[in-house]
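Hi everyone, thanks for making time.

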Amino acid sequence: MLGSLFLAGGMVSCSDYDDDINSLNDRVTAVEQTVKELQEKINAGAVITDVQTTEDGVKVTLSDGNSFTLQNGKDGAAGSVVTIGDNGNWFIDGVDTGKPSRGEKGEQGEPGQPGGDGTTAPSKYYIPNEDGYWYVVNVAADGTESEPEKTDIKWAPEGMMTAAWDTKNEVLLVYGVKDHDGVLRINLGTKLKGLVFVPSLYMEGIEGTRYPYIAGNYKKATGSAAGTIPSDPVRNGEPLTYSIPDKNEWQETFAAYNIGAKDTVVYHMNPTSAKVDDADFNFLYDTPEFVSRSGETEVKINYLTNEKTNEGDLKVAYQINNPQLLESKQATGTNDVSVMALEVKLGNDTVITSDYAAIVPAVRTLRAIAFNSEAGTTTNQNKPYCDYDLYKTGEAAVINKANITVQYNNGPINLSELLNIHYIQKDWIVEDREDLEHNTVMTYEEAQKFGLHFEYEMLKYTTGAHETEEDKYGKVDALTGKFMPCYVNEEGTSVECPTDGVSTTGISAVGREPVVIVKLVNEEGNVVLAGYIKINIVKKISELDFVVKSEKEPFVCDESTWGITWDDMSGKIVEKLQITKEEFRNSYYMVPGETYIKKDGKFVQVVNNVYGDLTYVNDAEVPTTNDIFTWTMDLAERINISEEVGRTVTLYARFNSKTSDTDIVYIGLTTTILEEPEVTFGNKIERYWYPADKELAARDFVRMNVPRPTTDGIAKKEVKNYIKDLDDNYEGNEVKIIPTSATQNSSYDLAALGTAYHYEFSATQPKVGTYQLYRDPMNVQILMCNGDEVASINPQTGELKYADTDIARAVLNAFGHEEADEKANYANVDIKATYDHCELALGETNFKVRFLRPVDIIEGEDATFEDAEANGSSVILGKLFGLEDWRDAALLKKSGNGYASNVENNCPLYDYYLFETIKIDIANAQSDLTGTMKPISEVTDKLELYVDENGTPHATNKTAIVTITDVNALNTTKIVYKNNEGNVQEFNLVIPIEINYSWGTLKGEIKAIVKSTKAN
């Protein structure tokens, strides 16, 4: 099988697939179906056995006998096959390109001269990249490799769909498919070759994962309590005695626990199609030596299960024994850190081991069992830490307000659905200070990952002088938490109440207040946390609710208030309740400071009133008039409403009966927050936007360049002023915020609210060659690369200034000005509009700014040497290469036997761009003396090249640097060629050059011809 293979053409299938797939260039779905079928065959064990060119493409044959023709999408022409030859070079259709490959097994290509002191000479190899260009990787003497650097040589045929098969990574990429956006990908291997850990965090640069475990001491029930329940209006103000014989509280024991979670980590598989169904998995653990702690054993990482994700990654479940022994400098004061790796045994003694990853232990301290938001309880007497926590002791539950109200004959309630766990978490160490608030919630499902579950029992306690057993008025399932109200029959037996909602049997349970103990226990039944719930059993829970009014509110900065009017109160509330205004006032009161929403048929109190406040306004001066209530909201509350479904919230005020705890009326108002106004940004000046072959609305590029050359600008170095006012790309040289005809715009007076706009670099930036651009995290008006500035933009004026830094110059020179905009050096820019005084987001538009390289190196007009000339063949630099600027204007012109600066309207163009030096890299010159391009130093030491600078020769076959500030240096400096005193046929010569000028370094090549030996 070939080491790597690249196929150019359009894909159709042969054999049994002709009836299903007829024209894959026209039908993308057919292409995808073919790829799917090919993937299935590869997964079943088929491999590619032969590749041949055909008249209209390339034919690929599989080991199972099936074949596929990759048909060229351009006029059905023959395809091209790019392979690695026996000599390690890349071949196109059997012709050696002279470009060494890395090879299937990763060995370095193109060996250099023998190195000394045990090192290897520098080398290089080439990669056919997906953009159609060859990329070169330089390998240093110590084996380190550079980032792939784009060359200006293409390997992929123009205008053709291209498929690339890389057996090293076992992947087939198909791109350029008609009507298909992006790359079709198929994995060609099923044998696992590698695992790469996917980090969820970085610890001082080390890839790692956070592993949660809970730590603390087990608890046991203890203690009794007795006393008097404070007076209550229901009891006519009389106090009530109580007695709790046991299990009044849960105290910590000396037995500690450290329970690790059943957590997951993710690994990239190579290939992603690898099969691991029959593999054996094991985790390797490594930690520096440490002193064993008394009574503790070693850390053990247990493999549990694995599953493949939709992306082809491997998600592995694991659990750690003794997580408290995980090492870290935070915990132990050392520089040690615990790491783990996944080991996969495939059979036949094949073992694949992932890279090691740091384990960051996240220690959770459990604080309280608590109600979730569905429970709607916010009582806070004697709670451990916050309003939602269960009571900490039985006594606190008995003497305080009930948490939950149930109707005696309406069936059970499931306590498990109402509960979660509150905890605090800290990496590395246990944090258990009593003064710390806790707002981190662990759901019951998450608790089960630690092997924890709830268990329930009734708290035994009596009330009154006759010792009424309150616990007999309820039963709770020990595992499910299902609570059922009960009554005591004539035999003194506790019996469950009926559940039909109408029966009067069991009415004696009304008014009783049983207490349930809730325990969080591990798999062995040890208690790690406990709390108490008091339940009030009532005769009837009467809840009436209705919505009175709805309103649409604009999304603006200032606080606003709206609500019902006097006629709403009269016609929509009082009439609905079928009572008089006076009866409503005398019977109900609005609970102040509380708002509610309806969720899954239940009313849930809104924590912190995040949707605004409801206020009751009593018209006290005129008792015969109607009261109202209003909804006040600020910007933060508008935002919260706008994030809900339909940007709408119905908010309820709760009206409690003045005589009954279970007679409640919820009256609602509905607010919809309008969408933000919609605007455009003015008219583009058509001729300033690219690409020109698209409709104006679709053009998303503007181009930026150095100032046009001027004579005065030479001394002033105006070429360094790489600045552009982006406003100039719009009519009137300014961005204009213009409202559209969108429906919501009629509710906004933008002229009164005020609008503004500003420029910033987009959050997502391109990779320019090997340079990844990004927006400065601290300043959105700064474009960065490798920690240094590339460009800046004035947010108000839109003036974009290209930076004169080393990295900015490197990015600018990465691509020539004739390269397509979308493949070259550009930045993404946003215009963001705002309105109102708090600068609310109004809309945005984005486009790309192309940075045109000021100067390009082009081929010389007469780069020709001739073998065997007397004293060697020499050619002045002016003939060996040319220069043109971003306007396609030549910077050099012939002058007699030499070259001078081209003059345009009395402006010498060469002088304007401030050239400094040229580096002529003869040491790395190449030739095709062997039939393929190779470094001359690897072929012969008889061929001589050197630079003659104004009559002074530089060292032979060595790199030379020449000053070229004066254009005449291109006439007085020449390259001299001498042969081996024998005969030679015509061959090609390539010499790398680097030219330093006003904007950094231009990299190019002198491409010359050496004519055959004179008269031969």
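I'll go from the overall chain to the disulfide and then to the salt bridges.

Some housekeeping to begin with. This is a predicted model, so keep in mind that local features need pLDDT of at least 70 and side-chain atom pairs count only at pLDDT 80 or more, while totals for chains, interfaces and linings use all residues. Residues are numbered from 1 along each chain as its sequence is written, and side-chain values use heavy atoms, with hydrogens and water left out.

Okay, the chain. There are 14 helices and 78 strands in it; helices (H or I, at least four residues) and strands (E, at least two) are DSSP runs, numbered from the N terminus. Of the 1016 residues, 48% are buried. Buried here is under 20% relative accessible area, exposed is over 50%, and partly exposed is in between, with a 1.4 Å probe and protein chains only. The chain exposes about 48,600 Å², and carbon and sulfur atoms supply 44% of that. Those areas come from the Shrake-Rupley method with a 1.4 Å probe, and for residues only the protein chains shown count as cover. Now contacts, meaning heavy atoms within 4.5 Å: taking those between residues at least 6 apart in sequence, 63% join residues at least 24 apart.

On to the cysteines. How many disulfides does a search of the whole structure find? One, where a disulfide is a pair of cysteine sulfur atoms within 2.5 Å. The partners are cysteine 557 and cysteine 838, with an S to S distance of 1.9 Å. Their link is left-handed, at -85° about the S-S bond. Cysteine 557 sits in the loop between β40 (542-553) and β41 (560-563), and cysteine 838 in the loop between β60 (826-835) and β61 (840-851), so the bond ties together parts 281 residues apart in sequence. Cysteine 557 is buried, at 9% relative accessible area, whereas cysteine 838 is partly exposed at 30%.

What about cysteine 497? Its closest cysteine sulfur is in cysteine 486, 6.2 Å away, which is too far for a bond. Cysteine 497 is buried at 4% relative accessibility, and cysteine 785 is buried too, at 0%.

Last topic, salt bridges. We're calling it one when a side-chain nitrogen of Lys or Arg is within 4 Å of a carboxyl oxygen of Asp or Glu, and the whole-structure search finds 29. Let me pick out a couple. Lysine 1003 and glutamate 149 meet through their side chains at 3.9 Å, N to O. Why care about that pair? Lysine 1003 is in strand β78 (residues 1000-1011) and glutamate 149 is in strand β11 (residues 149-154), so they tie together parts 854 residues apart in sequence. Lysine 1003 is exposed, at 52%, and glutamate 149 is partly exposed, at 33%.

Then there's aspartate 804, whose side chain meets that of lysine 720 at 3.0 Å, N to O. Aspartate 804 is in the loop between β59 (799-802) and α10 (806-812), and lysine 720 is in the loop between α8 (712-716) and β51 (723-725), 84 residues apart. Both count as partly exposed, aspartate 804 at 41% and lysine 720 at 26%. Aspartate 804 also forms a salt bridge with arginine 809, with the closest N and O atoms 2.5 Å apart. Put together, Lys720, Asp804, Asp806 and Arg809 are linked in a network of salt bridges.
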